[in-house]
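These are my notebook entries on one structure. I set down what I looked up, entry by entry.

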Amino acid sequence: MNLPLITRAQEYNNKIAILVPRGGANATTEEAFTYWDLLHISSQIATVLLNDAEDLQEERVAFLVPPGFEYVATQWGIWRAGGIAVPLCISHPRPELEYVIINSGASIIVAHPNFEAILRPIAEAQNLRFILTSEPLPDHVSRLPELDITRRALILYTSGTTGKPKGVVTTHHNIQAQLTSLITAWEWTSDDRILHVLPLHHIHGIVNVLTCALWAGAECEIVSKFDAETVWRRIGDGDLTLFMAVPTIYVKLIAAWETASSDRQKSMSEGCAKMRLMVSGSAALPVQVLEKWQTISGHFLLERYGMTEIGMALSNPLHGQRLSGYVGKPLPQVEVRLVDENAELVPAGTPGEIQVKGPGVFLEYWQNPQATAKAFQDGWFCTGDIAVVENGNYRILGRMSVDIIKTGGYKVSALEIEEVLRSHPDIQECAVVGVADLEWGERVCAALVLQPQRELTLESFRSWAKERLAVYKVPTQILRVEELPRNAMGKVTKPTVVELFRA
Ligand code: AMP
């Protein structure tokens, strides 16, 4: 059996699937790739990956390719060869890349030449097959394996409440449920054209934008790197129908709109007015941002709630009244409940943990049955987020763990960052917290107890940390303290640490 995503693409054939700026992010013309191009090139990539084998049989293929057509063709090539796609993050330093490659047990790395210097040594050290996207593709295409949709398709790494990120495994069936839910709820059609500005190692960019577009037979225009000017220029052209982003991106777009001339503001706003839907998610959308965006664009942003492990769960309606500060109701195919600490359902108006069930919920944490078992209660996935239902609509109140930080839409673990910081020769102890911030949602901040007679500037600290942690995990503010605030049990009291930064 062929994957339904592939069968559908065969029907769209000569329609445009992917558009990319010709010759770089600031280009004014675009290169277009059809569904046929995507099918053809991904089958050539699958042939290279298979290397005469019949089926990759869920081998993990880690790939690092900048956002664009090659990224999509590589991801589809991995799927069509029967492999599990493990997208790597372009801004990750070597230790983070190495962790994902080793933890996923990848046997092949596919890299764009820009990343050869960082990835080839890892492939050599781990004895992995290394393929550059610049290598010529074969003219002859192998017979590709028949794939059942219950196969594992994707591993996305996500931070949790314990140490290192965990690999969230979704099957083709899970992904299909996640995307068909959104296609129904937000009425995607093949006439849609979406501008893709999100990272491609995260569910938001991979499922909600890219794969929904390709399932629907729509056009997905991928910008290689978010830049407010480029995005506004494309919106101003007036030919996009959909836009999806995290709140931080809307904040940056608002800032760029505010500094534009009034003529330009007018054309920017007119471009927005031509779209049919603008969505915000992955972090709480501040009401001020929603209101400002409404005056600029005429759009009352549709806010939704979801998670790497479950896909999207709650959404404001496409038609009908959207409420600011609320994330709406369960999406199609998704069951949601709120429970107290004894796993008892809470009555309406009482806060509880969000738990989710449905075909879009992930299969397992990669090779971590203990963590997988712990994440479920009676078949319900425990999100660790707290919400309340008011007049039938869910309102997110926060997270159960202070150690999960959401910054610019990225989920990061305070514990993971602390572990790295403790390896700094000048740092004796540290506590990492998220401090509320209008632009970033939360800023990553670190209170540090230094070794005696040591000094540390923010600049030298950050450049040290950037070699070890993804840039969005690196604290933007540090505070030197004589000792960390602790409770009677000796546990660091994070809310007090947050207060130190607020002061
Ligand atoms: P991720 O797996 O990186 O997408 O992060 C999922 C987490 O982001 C959720 O568990 C929530 O804590 C948070 N999140 C996602 N959407 C929203 C939203 N609309 N409002 C508040 N928090 C959100």
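**Entry 1: the ligand**

I sorted the residues of the shell around the ligand by type and found 6 nonpolar, 4 polar and 6 charged. Here Ala, Val, Leu, Ile, Met, Phe, Trp, Tyr, Cys and Pro count as nonpolar, Asp, Glu, Lys and Arg as charged, and the others, Gly among them, as polar. I note that this is a predicted model, in which local features need pLDDT of at least 70 and side-chain atom pairs count only at pLDDT 80 or more, while totals for chains, interfaces and linings use all residues. Residues are numbered from 1 along each chain as its sequence is written, and side-chain values use heavy atoms, with hydrogens and water left out.

Which residues come nearest to the ligand? Of the 16 residues around the ligand, they are H202, R304, T308, D385 and K406; a residue is near a molecule or strand if one of its heavy atoms lies within 4 Å of it.

I then asked which elements supply the shell. Strands β13 (302-307) and β21 (393-399) each give at least two residues, and β13 has the largest share, 5 residues. Helices (H or I, at least four residues) and strands (E, at least two) are DSSP runs, numbered from the N terminus.

Next I looked up N and O atoms beside the ligand. A nitrogen atom of the ligand lies 2.9 Å from an N or O atom in the side chain of E303. A backbone N or O atom of S282 is 3.4 Å from a ligand nitrogen atom, and a polar backbone atom of A284 is 3.4 Å from a nitrogen atom of the ligand. On its own the ligand has 500 Å² of accessible area, of which the protein covers 96%. Accessible areas come from the Shrake-Rupley method with a 1.4 Å probe; for residues, only the protein chains shown count as cover.

**Entry 2: helix α4**

Which residues of helix α4 (residues 94-104) are buried? They are E96, L97, V100, I101 and S104. Buried means under 20% relative accessible area, exposed over 50%, and partly exposed in between (1.4 Å probe, protein chains only). An α-helix has 3.6 residues a turn, so residues three or four places apart point the same way.

The cover over the buried residues of α4 includes β3 (60-64), β5 (108-111), α5 (116-126) and α13 (414-421). Just after α4, G105 has a positive phi of about 65°.

**Entry 3: helix α5**

In α5 I found L119, I122 and A123 buried. They span an arc of only 100° around the axis, so they share the same side of α5. The face turned away from this buried side carries the exposed residues A117, E124 and A125. The buried residues of α5 pack against β3, α4, β5 and β6 (129-132). N127 follows α5 and has a positive phi, near 60°.

**Entry 4: E418**

E418 is found in helix α13. Is E418 buried or exposed? E418 is buried, with a relative accessible area of 6%. Its side chain is joined to that of K494 by a polar contact of 2.6 Å. A polar contact is a pair of N or O atoms within 3.5 Å; within protein, one must be able to donate a hydrogen and the other to accept it, and residues adjacent in sequence count only if both atoms are side-chain atoms.

Definitions and conventions: Contact means heavy atoms within 4.5 Å. The arc is that of the directions from the helix axis to the C-beta atoms.
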